[in-house]
Amino acid sequence: MGRAFEVRKSSMAKTANAKTKVNSKYGKEIYVAAKSGEPDPDVNQTLRRLIEKAKKDQVPAHVIEKAIEKAAGGAGEDYSTARYEGYGPGNCMVIVDCLTDNPNRTIKDVRLPFTKTDSKIGTPGCVAHMFDHLAVLGFAGDDDEVVLEALMMADVDVTDVEAEDGKVSVFAPHTEYFKAKTALEEAFEGINFEVDEITFVPQVHVEITDEEVIANFDKFINMLEDCDDVQNVYHNATIKN
């Protein structure tokens, strides 16, 4: 595939408000996962993945427990998924994933960042075909052939394995996440995943070099991340300062 995976974490300032946003996001996702399946992470693999991810992002235990208890009690909101696609500053492609209990409010909130930055929200599917929905697992190492062999022995459907700068990145269809992670844990004792995601990886990238466009792009992303219903923002922009 010939591309190095870039982890595009939100560069949110470590303020109280930002931490509250992160906790709220995980609380909502964990609640939905527990409510749509079993509220037991030993049985519900999606719930287990979210709990592990939340702990890595230092979400307090009481936030996780409260979300699971709320789902187990059968009370609370009914959330549905919503996905919006379009073109952001610099003509980059953007996917915005949301969890909402009020779709009319959500589309209004998501549309505003596009409008305020002269961007264009599009129709469903307008850019998603230019992204691959993948499980991405990254860890220290330099021998991609050994990793690939271990995955193939476990009958994992692998999209790509790359080794670069002392890091190995494994790409697999998102449906193979648990199988791939289990195979790696069994093959390499004590493995520590520095990247552990189900995400959208762009097939092509757009470089943004103009300072005004970069500033507009930052404004666009920050406005989207400030929307309460927005869970994840994926894009294909590469910023070149």
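Predicted model: local features only at pLDDT ≥ 70, side-chain atom pairs only at ≥ 80, totals over all residues.

Q: Which residue stands opposite Pro202 in β7?

A: Phe131 does.

Q: What sheet do these strands belong to, and in what order do the strands come?

A: An open sheet of 4 strands, ordered β5-β6-β4-β7, with antiparallel pairing. β5 (160-164) and β7 are the edge strands, and each of them pairs on one side only. From one strand to the next, the twist averages 25 degrees.

Q: Which residues are on which side?

A: Val195, Glu197, Thr199 and Val201 are on one side. Asp196, Ile198, Phe200 and Pro202 are on the other. Both faces are covered, as all of these residues are buried. As background, side chains in a regular strand alternate between the two faces of the sheet.

Q: Which helix lies across β7?

A: Helix α6 (residues 177-187). It lies across β4, β6 (167-173) and β7, and runs at about 15 degrees to β4.

Q: Switching to helix pairs. How do α4 and α7 pack?

A: Helix α4 (residues 103-116) and helix α7 (residues 211-225) pack with their axes 9 Å apart, at an angle of about 170 degrees. That angle makes the two roughly antiparallel, since over 145 degrees counts as such.

Q: Which residues meet there?

A: From α4, Val110, Leu112, Pro113, Phe114 and Lys116. From α7, Lys219, Phe220, Met223 and Leu224. The contact splits into 7 nonpolar residues, 2 charged and no polar.

Q: Now charges. How many salt bridges does the structure hold?

A: It holds 11. One of them joins the side chains of Lys28 and Asp229, at 3.5 Å from N to O. The two are 201 residues apart, with Lys28 in helix α1 (residues 16-36) and Asp229 in the loop between α7 and β9 (230-235).

Q: Are Lys28 and Asp229 buried or exposed?

A: Buried. Lys28 has 10% relative accessibility, and Asp229 has 5%. The cut-off for buried is under 20%.

Q: What does Lys35 form a salt bridge with?

A: Asp78, with the closest N and O atoms 3.0 Å apart. Lys35 is partly exposed at 31% relative accessibility. Asp78 is exposed, at 62%.

Q: And where are Lys167 and Glu194 in the chain?

A: Lys167 is in strand β6, and Glu194 is in the loop between α6 and β7. They are 27 residues apart. Their side chains meet in a salt bridge of 2.9 Å, N to O. Lys167 is partly exposed, at 37% relative accessible area. Glu194 is also partly exposed, at 46%.

Q: Last one. Which residues do salt bridges with shared partners join into one network?

A: Lys28, Asp101, Arg105 and Asp229.

Terms used. Residues numbered from 1 in each chain as written. Heavy atoms only, no water. Buried < 20%, exposed > 50% of the residue type's maximum accessible area, 1.4 Å probe, protein only. Pairing = 2+ DSSP bridges. Axes fitted to C-alpha atoms, helices over the stretch in contact; angles between N-to-C directions. Parallel < 35°, antiparallel > 145°, perpendicular 65-115°, else oblique. Contact = heavy atoms within 4.5 Å. Nonpolar A, V, L, I, M, F, W, Y, C, P; charged D, E, K, R; others polar. Salt bridge = Lys/Arg side-chain N within 4 Å of Asp/Glu carboxyl O.
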